[in-house]
Amino acid sequence: MEVLNGTISSFFVFKVFGRRENSGLVPWETRRSLAEATGDNSSLILAAKRTHRKDPNDGFNYYTGGWNISNSHYWASVSYTAVPLFVIGAIWFVVFGLCLCFICLCYCCCRREPYGYSRFAYALALILLVLFTIAAIIGCIVLYTGQGKFHGSTTSTLEYVVNQAEQTSEGLKNVSEYLSAAKSIGIASTFLPANVQTNIDHAETKINSSATTLHTKTQKNSKDIQDLLDAVRLALIVVAAVMLLLAFLGFLFSILGLQCLVYFLVIIGWILVTGTFILCAIFLLLHNVVADTCVSMDEWVQNPTAHTALDDILPCVDNATAQETLLRTKDVTYQLVTVVNTVITNVSNINFAPNFAPLYFNQSGPLVPALCNPFNADLTDRQCSAGEVDLNNASQVWTNYLCQVSASGVCITPGRLTPSQYNQMTAAVNVSYGLYHYGPFLVDLEDCTFVRQTFTVISNDHCPGLRKYSQWIYVGLVMVSVAVMISLIFWVIYARERRHRVYTKKHTPRNYGGPYDEKAP
């Protein structure tokens, strides 16, 4: 069970998102050096208490490295928790196999007529056979119900992670589109400075690469994981159905005295029980890995800046690196608003003489309000001044300053903005607003706020179900394994006692009409 849980928490989340060095705007090596330059070199061992287990690869000393799916000692220590079930399965296979061989040898080489039977042994074998058959049926029901719940929980977790990844990819694409649009925006032949456009080209390349990589990995890995989940579900359904059928047929054939069929089912059951014990061990391993991963995510959320085993999969950067990414977005926003205000101040709000074409287009009427720049020249936050319009409603306010133009592009009604200028300024506002809106989104990606939120939701909303239902599967497998294992033994005992009972009834003189007269079944 722990294995399946681990697969979901680690394999789901980490495989779907992939390595962050392919999705950030700053190379991982640079981010790591920046983080270390801040002096924050604290490290955190994830799930230290829960992963404190004996490590067979280290002389059975206790493992102290915490959760780390890239560490072979972690896998050795967590696998060691499933050893008892592997041992039980091996012992059962060997011991019961030897018993079957011994019974066959005795039956073939040392045949003798059966003698009297014990009524107590006969009745006890029947009672216990009924009880353990019922236990096997209950175990199959628990197993079937658990796998259904578990499949639903894991699918829900996968869908959530995929949805988060797709939202991230879509957000990156939107930022890239806004940046691309910013390069082509020109108002009255005024464009962004060349160095800003060069920076946009570099950022756009990295963002598109990140978005494409994330989308591709999400689609591929989500399909692989879903196929794995479907295969696991099918295997558990088959196990539950086969063991239920085995328990029922074994009980039925024992009651009916079909001895040959009983012994055939005993041989089949001997192999199936061994396989079920192995499956129990695997699910215990999966259950432990899942629980470890959930605890690790919980602890990482509380300490996102510490160096942990998650750094290799989802490396996060310090605030300085995150702010560096935001500054680039702020710079483009600032420059776009500056371009708009330059045109408003130097073209639209000046009454040029007709001989100053193309700056002259018969501007008249109230002055056009400037666009509020959300940033100062040093890219710090800025409050809007009186009379400025902000990015939210600038396009609507400026409609009041539109004029109608002639075929030559000159205003023939009062106004200071031609339709062409208005469309260009509106486009600049839309791009500026988009970049301003997505700036915090980029910061969330770079400082792992996004991942932290995702892990928090998984830990709070999905981990409880994963751990609970994986335990149901584990309990169901144990119940089925033990119940069918003991049922196999009592099939043999009951078949033997029944054969002796029938033989005794046939060869023992009966006192007809006596109080102890009875018929053999």
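Helices, when I name them this morning, are DSSP runs of H or I with at least four residues, and they are numbered from the N terminus, as strands are (E, at least two residues). The structure above is a predicted model, in which local features need a pLDDT of at least 70 and side-chain atom pairs count only at pLDDT 80 or more, while totals for chains, interfaces and linings use all residues. Residues are numbered from 1 along each chain as its sequence is written, and side-chain values use heavy atoms, with hydrogens and water left out.

Let me begin with confidence, where pLDDT is the predictor's confidence in each residue, from 0 to 100. The protein averages a pLDDT of 79, and 82% of the residues score at least 70. Over residues 1–41, however, the pLDDT stays under 50, and the model has 162 contacts there beyond four places in sequence, a contact being heavy atoms within 4.5 Å. Residues 512–521 also have a pLDDT below 50, with 14 contacts beyond near neighbours in sequence.

Now to the surface, where a nonpolar patch is formed by Val83, Val87, Ile91, Phe93, Val94, Val95, Leu98, Ile267 and Ile271, with about 750 Å² of accessible area together. Such areas come from the Shrake-Rupley method with a 1.4 Å probe, and for residues only the protein chains shown count as cover. Patch members have over 30% relative accessible area and no salt bridge, nonpolar side chains (Val, Leu, Ile, Met, Phe, Trp, Tyr) being joined within 5 Å and like charges within 9 Å; a salt bridge is a side-chain nitrogen of Lys or Arg within 4 Å of a carboxyl oxygen of Asp or Glu.

Which helix gives the largest share of the nonpolar patch? That is α4, with seven residues, although α4 (83–109) and α7 (259–302) each supply at least two. Ile267 sits in α7 and is partly exposed, at 43% relative accessibility, since buried means under 20%, exposed over 50% and partly exposed in between (1.4 Å probe, protein chains only).

Turning to aromatic rings, a search of the whole structure finds eleven pairs, counted for Phe, Tyr and Trp (its six-membered ring) when centres lie within 6.5 Å, with planes under 30 degrees apart called stacked, over 60 edge-to-face and the rest tilted. Phe93 and Trp270 are stacked, at 4.6 Å centre to centre and 10° between the planes. Because Phe93 lies in α4 and Trp270 in α7, this pair ties together parts that are 177 residues apart in sequence. Phe93 is partly exposed at 37%, whereas Trp270 is buried at 17%.
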